[in-house]
Amino acid sequence: MKFIILFLGLLVKPQAVSLARRFDSEKVFRVVLQNETQVNFLKELASTVLLDFWHPDSVHHIVIGTDVDFQVSAHLANYVQVKLQQNELQYEILFQNLQEEIEKQIDGGSIFRKQYSYRKYNDWEKIVAWTERITRNNPKLVSRIQIGKTYEGRPMYLLKVGKESGRKKAIFMDCGIHAREWISPAFCQWFVKQAVVTYGKDKVMTKLLDSMNFYVLPVFNIDGYVWTRTEDRMWRKNRSNNSNSDCIGTDLNRNFQVSWCKEGSSDDPCSPIYCGASAESEQETKEVANFIRGHLTIIKGYISFHSYSQMLMFPYGYTYSMAPNHDLLNKVAKEAVDALSTLYGTKYTYGPIAETIYPVSGSSTDWAYNEGIKYSYVFELRDHGRYGFLLPESKIRPTCKETMLAVKYIANHILASAP
Ligand SMILES: [Zn+2]
């Protein structure tokens, strides 16, 4: 008997031990920086203890007047809190125990947990099966293209959504370039579903799909996304190895050939905003860039989806100079966020990337713009930091519904105006 219990114990044990990184008692602080001394203090603190910046996404982007959200490991949390108090910084603790928040995020109900759902954060295998299914069920509206493979060999699937009829204008949309921003891939899936469900019923969507195509990449950084679901929920970069460093991954949104590795990115492979060994050094960047380059004559719009902070932005990120068609981009952005807010009153800010959030070099939005795609936008979806990257599943539906209004507005404008 004893032997059997021992034996069963051995059998059970491996399941109870998870390899995934846990976040017990890790905290997320929000600090409001009011003067240069406080900015310098926080920069210095970040150079002595490991702070994982959520917003802005790196210590490089800290400036006076910004809310800075960062994650601190359990054993350093007290130390950091005391330091903030001693230096009289205004702060709040957004998350007392990150692990609990991670578990709370999955609040979409457990009964159908194993099934795919638009109201849940689906794992990669379910998303792949979904791309097959939605293509099979809507052969006249959706087709699936494999544009390449990720570093770890996963197929990168792109869905072409639109009524087949000759040569049409197109909009390229991608989601999930940063692994931990889960609401982003959820939106791309929602978009495709809404497109096929409302075709023939909704006037605007019908016109859009009749007259143009949407190329939708549901998950850009697939390896990173899988990593956030199996190992480290807070992972951001892709999963490629770096020579001369033990640190893994490149920030794909710093890896494009546009003012590469300058302001707002880092050449340190351990940094969360590492620009990579060279522009387009990463498999995923290269596949997307090649596809877009190959379709430049038809792609009139580019839209990328991130989270969080409720912003709609456009070029430039790498310079404070205004884009040649700044006024037009700004006007369309304003009208798009107005449309978004009509549903639940959600407020978005809008403007050029560098001014609205912070300077960024090597981003996909600037790159697409400089390739000649004159309508190039980037969304930072919900929320403002109450949940941050851990936006609960119960918020997927309202977030996607309101975002649809803005995207449809932009698309409709492109259809009417782009040459
Ligand atoms: Zn992002």
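Reader: Where does isoleucine 171 lie?
Author: Isoleucine 171 lies in strand β7, which covers residues 169-175. Helices (H or I, at least four residues) and strands (E, at least two) are DSSP runs, numbered from the N terminus. Residues are numbered from 1 along each chain as its sequence is written. The model is predicted, so local features need pLDDT of at least 70 and side-chain atom pairs count only at pLDDT 80 or more, while totals for chains, interfaces and linings use all residues.

Reader: And is isoleucine 171 buried or exposed?
Author: Isoleucine 171 is buried, because 27 other C-beta atoms lie within 10 Å. A residue is buried with 20 or more other C-beta atoms within 10 Å of its own, exposed with 12 or fewer, and partly exposed in between, the C-beta atoms being placed from the backbone.

Reader: Which residues is isoleucine 171 in contact with, leaving aside neighbours within four places in sequence?
Author: They are Met212, Phe214, Lys300, Gly301, Ile303, Ala411 and Ile414. Contact requires C-beta atoms, placed from the backbone, within 7 Å.

Reader: New topic: where does UniProt place the feature "active site"?
Author: The unreviewed UniProt entry places the feature "active site" at Glu380. UniProt positions are in the numbering used here, feature names are shortened, and annotations may be inferred rather than shown by experiment.

Reader: What is the place of glutamate 380, and what is it in contact with?
Author: Glutamate 380 is in strand β12, residues 375-381. Glutamate 380 counts as buried because 23 other C-beta atoms lie within 10 Å. Leaving aside neighbours within four places in sequence, glutamate 380 is in contact with His306, Ser307, Tyr308, Ser309, Gln310 and Met311.

Reader: Where does the entry put "domain: Peptidase M14"?
Author: That feature of the unreviewed UniProt entry is at residues 120-414. Over residues 120-414 the chain is 37% helix and 18% strand, and the end C-alpha atoms are 31 Å apart.

Reader: Which domains does the domain assignment give?
Author: The assignment gives domain 1 (27-105) and domain 2 (124-417); such bounds come from an automatic or database domain assignment. The centres of the two domains, taken over C-alpha atoms, are separated by 28 Å. Their contact takes 18 residues from domain 1 and 16 residues from domain 2.

Reader: Which elements give two or more residues to the side of domain 1 that touches domain 2?
Author: These elements are β1 (27-32), β2 (52-55), β3 (67-72) and α4 (98-105). Helix α4 gives the largest share of that side, four residues.

Reader: What about helices: how do α10 and α13 pack?
Author: Helix α10 (residues 326-344) and helix α13 (residues 396-417) pack at an angle of about 150°, and their axes are 8 Å apart. Axes are lines fitted to C-alpha atoms, for helices over the stretch in contact, and angles run from 0 to 180 degrees between N-to-C directions. The contact includes Val332, Ala336 and Leu340 of α10, and Leu405, Tyr409 and His413 of α13, among others.

Reader: How many residues of α8 are buried?
Author: Seven of the nine residues of helix α8 (residues 222-230) are buried, so that helix is mostly covered. The buried residues are Ile222, Asp223, Gly224, Tyr225, Val226, Trp227 and Thr228. They pack against α5 (124-137), β6 (155-161) and α6 (183-198).

Reader: What does serine 271 touch?
Author: Serine 271 touches Ser58 and Ser266, not counting residues up to four places away in sequence. Serine 271 is in the loop between α8 and α9 (283-294) and counts as partly exposed because it has 19 C-beta neighbours inside 10 Å.

Reader: Which residues does a cis peptide bond with omega of about 5° join?
Author: That bond joins proline 315 and tyrosine 316, and tyrosine 316 is in the loop between β10 (311-314) and α10. The peptide bond from arginine 382 to aspartate 383 is also cis, with omega near 0°. Aspartate 383 is in the loop between β12 and α13. Most peptide bonds are trans.

Reader: Finally, what is phi of cysteine 261?
Author: Phi of cysteine 261 is near 60°, a positive value in a residue other than glycine. Cysteine 261 is partly exposed, with 18 other C-beta atoms within 10 Å. Phi of serine 25 is near 60° as well, and serine 25 lies in the loop between α1 (2-16) and β1.

Key: Two residues are in contact if their C-beta atoms, placed from the backbone, lie within 7 Å.
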